[in-house]
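Reader: Could you show me the structure, please, so that we can go through it with a few questions?

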Amino acid sequence: THLNNIVAGSAAELFGLDEAQALLAALKEAFPQLAQGLSPQPYSLAAVTALCRALLAERVPLKDFRRVAEAMVDLASHDLDTAGLVEAVRQRLGALITQTIVPMRMPLPAVTFDGELEALLTQAVRAGPNAVWPFEPELANRIIGAVGDAVQPMLMAARSFAIITSPVCRAAIARLLRAQLADVPVLSFLEIPETKAVDVIAVVGGHHAAALPDASQIGDQ
């Protein structure tokens, strides 16, 4: 299991242009029209590689690359940058992503943020929409600590669960937590299928939120 985790954690680093080309070649053989609509136009090989690496970095499997390709083709006219494309593709792969966490018929155990903290995080991201790290260091450290405390019982019990947040915050929260909680998936509300039951097992907030800067201070950070 430890070895599998190491390999899974390194998948994004190991994935390059050759691996992307192999995926495209297999897609062309099985679904030629779809492959023709995907690359080299409207997506270059480099763009396909970047999208796949971003998915692998968060342990989204590429075994059903057809669905990834279909999502990319559907989104081609939206003129999205790489980050926006990743989030939009993830939303279309929501059922696949949740199935990597729990079986289809089981509720998804979820850790969420309370309304006050969610609003604080959203405001921080919107204040720096193009920032890789939109959270001020003190705020970031407190978020990591609060989330770590909330999820520790599930980690100790080896329970599968996901952290769920807003689409605005999802990518930033995932990057923030990756170093300490690499195995914990971070999903947005829009990635959860409408038919998927959600079981909220913990809420990050309350006294944790009280220790964080209030929302009015974010614009001054």
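Reader: How confident is the predictor, and what is the mean pLDDT of the chain?

Author: This is a predicted model, in which local features need pLDDT of at least 70, side-chain atom pairs count only at pLDDT 80 or more, and totals for chains, interfaces and linings use all residues. Residues are numbered from 1 along each chain as its sequence is written, and side-chain values use heavy atoms, with hydrogens and water left out. The term pLDDT is the predictor's confidence in each residue, from 0 to 100, and it stays under 50 over residues 207–221. In the chain, 89% of the residues reach 70 or more, and the mean pLDDT is 87.

Reader: Which helix gives the largest share of the lining of the second largest pocket?

Author: A pocket is an open set of points on a 1 Å grid over the protein atoms alone, where a 1.4 Å probe fits and protein lies on both sides within 12 Å along at least five of seven lines, and lining residues have an atom within 4 Å of a point. The second largest pocket is lined by 24 residues, with Ala 83, Gly 84, Glu 87, Ala 171 and Arg 175 nearest its centre. Helices are DSSP runs (H or I, at least four residues) numbered from the N terminus, and those giving two or more residues to this lining are helix 4 (45–57), helix 8 (115–127), helix 10 (170–177) and helix 6 (82–92). The largest share, five residues, comes from helix 6.

Reader: Why does Thr 49 count as buried, and what is its relative accessible area?

Author: Thr 49 is found in helix 4, and, leaving aside neighbours within four places in sequence, Thr 49 is in contact (heavy atoms within 4.5 Å) with Phe 15, Gly 16, Leu 17 and Ala 20. Buried means under 20% relative accessible area, exposed over 50% and partly exposed in between, with a 1.4 Å probe and protein chains only. Thr 49 is therefore buried, as its relative accessible area is 6%.

Reader: Is Val 132 buried, partly exposed or exposed?

Author: Val 132 is found in the loop between helix 8 and helix 9 (137–156), and its C-alpha atom is separated by 7.1 Å from that of Ala 172, 40 residues apart along the chain. Because its relative accessible area is 49%, Val 132 counts as partly exposed.
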